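I opened this entry to get my bearings in a structure I had not looked at before. My plan was to go from the whole chain down to a single element.

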Amino acid sequence: MSKALVSSRETDVVVVGYGGAGAAAAITAADLGAKVLIVEKAGQGGGNTRRSAGSIRTFGALEPAVEHI
């Protein structure tokens, strides 16, 4: 059985998991001025998004990305 990590931190939003949805939620909340805490069990983000697509899609420029999506 693993040991529980107990910590106390004040925050506005807690995002559990940093896959595609968690990343979008955390970024949006931070952009709106919220203090965000991300809790992720893996060593790196990506979650199910990483598994299903192989990686998180990134674009170098905003306009082509919007056109693509």
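**Whole chain**

I began with the surface: the accessible surface of the protein chain comes to about 5900 Å², and carbon and sulfur atoms hold 55% of it. I noted that the model is predicted.

Next I looked up how much is buried. The protein chain has 69 residues, and 12% of them count as buried.

I then listed the elements. The protein chain has 3 helices and 2 strands, and along the sequence they follow the pattern β-α-β-α-α.

**Helix α1**

I picked α1, which runs over residues 20–31 and has 12 residues. From its first C-alpha to its last, α1 reaches 16 Å, close to the 16 Å expected at 1.5 Å a residue.

Which residues of α1 are buried? I found Gly22, Ala23, Ala26 and Ala29. They lie on the same side of α1, because they cover an arc of only 140° around the axis. I reminded myself of the general rule: an α-helix has 3.6 residues a turn, so residues three or four places apart point the same way.

On the other side of α1, I found Ala21 and Asp31 exposed.

I then asked what covers the buried residues of α1. The cover includes both β1 (13–16) and β2 (36–39).

Last, I looked past the end of the helix. Gly33 follows α1, and its phi is positive, near 95°.

How values were computed:
Residues are numbered from 1 along each chain as its sequence is written. This is a predicted model: local features need pLDDT of at least 70, side-chain atom pairs count only at pLDDT 80 or more; totals for chains, interfaces and linings use all residues. Side-chain values use heavy atoms; hydrogens and water are left out. Helices (H or I, at least four residues) and strands (E, at least two) are DSSP runs, numbered from the N terminus. Buried means under 20% relative accessible area, exposed over 50%, partly exposed in between (1.4 Å probe, protein chains only). Accessible areas come from the Shrake-Rupley method with a 1.4 Å probe; for residues, only the protein chains shown count as cover. The expected span of a helix is 1.5 Å times one less than its number of residues. The arc is that of the directions from the helix axis to the C-beta atoms. Contact means heavy atoms within 4.5 Å.
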